[in-house]
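Dear colleague,

Please find below the structure for your review. My notes on it follow directly after.

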Protein chains: 2
Amino acid sequence: MSARPTVLLVEDEPAQREVLAYNLEAEGFDVVRACDGEEALLCVKEGLPDIIVLDWMMPGVSGIEVCRRLKSRPETRLIPVIMLSARSEEVDKVRGLETGADDYIVKPYSVAEFMARVRKELRRTRPSTVGEVLTYEDIELNSETHRVTRAGAELKLGPTEFRLLATFLEKPGRVFSRDQLLDRVWGRDIYVDTRTVDVHIGRLRKALTQFGGSDPLRTVRGAGYALG
Amino acid sequence: MSARPTVLLVEDEPAQREVLAYNLEAEGFDVVRACDGEEALLCVKEGLPDIIVLDWMMPGVSGIEVCRRLKSRPETRLIPVIMLSARSEEVDKVRGLETGADDYIVKPYSVAEFMARVRKELRRTRPSTVGEVLTYEDIELNSETHRVTRAGAELKLGPTEFRLLATFLEKPGRVFSRDQLLDRVWGRDIYVDTRTVDVHIGRLRKALTQFGGSDPLRTVRGAGYALG
DNA sequence: TAAAGCTGTTACATGGGTGTCACAAAAGCA
DNA sequence: TGCTTTTGTGACACCCATGTAACAGCTTTA
């Protein structure tokens, strides 16, 4: 599956948030940041993350409430949730787990401990994540060596096409809207014309079929693109 | 590699120190003693030990400071460090781990436990750190003699190029970003311009091809560099 | 102490990747 | 069928990432 698991990091305090984000990104995770409960729920709706790190105390919708809602919906129930809290009382811990959180970290904690917990949860729920090779049919993308092959032949594609293909390979079959692709491939704060996506899809198609083979990309009119 | 691994034992209290030294020597280790942080750093500079046992509380440069310095330098980063401390508070433990210590033993401990931890760290790190010869195709790097050859001919390269090549040789094919290379080759807390990596890549390329042969380094546009 | 070697920075050339546009083609819709 | 909307794609100008020479500061060596 995904070589870059997506972590939804929900923490209202900027300093804390960025420290964790820095370490997660350094380890190769895609980090989606959220500052409060409402934003968190929105992000989950946008694109399902592979794991959620949730601060307990937040303005607005609290972490505990977010967790409760996620765990009560079938489509989000299986996403592991790690709760962060400043309170160490056993009572809180119990309540945290009762809402369905999969793990619970009490501040202060070391970054090493935090990373270990995240990896543990991901190992538990996505054993296939450990491999860094994404495949779909005869297409292989190795994110470690940055090489892409189709039916054994190496394909030459630019950085943008590479990330684009990687995005599709993470969730084969899923339809990505142009805006979602811009977010994931180009970056959240980049302003680029939507049609640029079309052009790069074209380039990716050309690259994927340069040695023959059918076009694996599907255009979903009015919605976006999908792999397979 | 030496049949007798060298242990650098840093402990200011003589009784403690001699008990540990006695047991280490009985098990066939070469023991180098140091009474404080400054002496410890000097010993490390003299000749790299295979493992370091470091007392937390010491006059002058503290154990935690010694550890931090060792872990921030590429040439000493891989030496395992075991911290000894009388404090068992969680806070201290966290701080100890954040400095990069590989293990942490809280006093009082049994000698058997101590020896077990030392053996464990050596088992973990020795195969890859001590006297290993790294190869890729016709390139050979001997970390013990600090010599590099290609197709049998000895290459002359500077310290930075040496560590750079060693980094690539540890994972041939893997793409390292410039930031990752700065972390691993220069050191985590060194601030150096990213482009410096490019220059040293160029120097390494020139060194590797000075007697002919193709350039084994691959530039991955927008991502970094890789060997092969 | 001088010489040699190494390092990090800067500046400049260059080539390839990028985004945008315009128009063609296709797909929906009435 | 005719019209509108959406998508495919060739062309092109731009500019950013990379390669590299030059240089000054620093450390090591003779």
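The residues of the surface near DNA strand D divide into six nonpolar, four polar and 13 charged. Here a residue is near a strand if one of its heavy atoms lies within 4 Å of it; Ala, Val, Leu, Ile, Met, Phe, Trp, Tyr, Cys and Pro count as nonpolar, Asp, Glu, Lys and Arg as charged, and the others, Gly among them, as polar.

This is a predicted model, in which local features need pLDDT of at least 70 and side-chain atom pairs count only at pLDDT 80 or more, while totals for chains, interfaces and linings use all residues. Residues are numbered from 1 along each chain as its sequence is written, chains are lettered from A and ligands numbered from 1 in the order in which they are written, and side-chain values use heavy atoms, with hydrogens and water left out.

H9(A) provides six residues of the surface near DNA strand D, the largest share. Helices are DSSP runs (H or I, at least four residues) and so are strands (E, at least two), numbered from the N terminus.

From chain B, a polar side-chain atom of Arg205(B) is 3.1 Å from a phosphate oxygen of DNA strand D, and a backbone N or O atom of Gly222(B) is 2.9 Å from one.

Between the protein chains, eleven residues of chain B and eight residues of chain A take part in the contact (heavy atoms within 4.5 Å).

With kind regards

Technical notes
A polar contact is a pair of N or O atoms within 3.5 Å; within protein, one must be able to donate a hydrogen and the other to accept it, and residues adjacent in sequence count only if both atoms are side-chain atoms.
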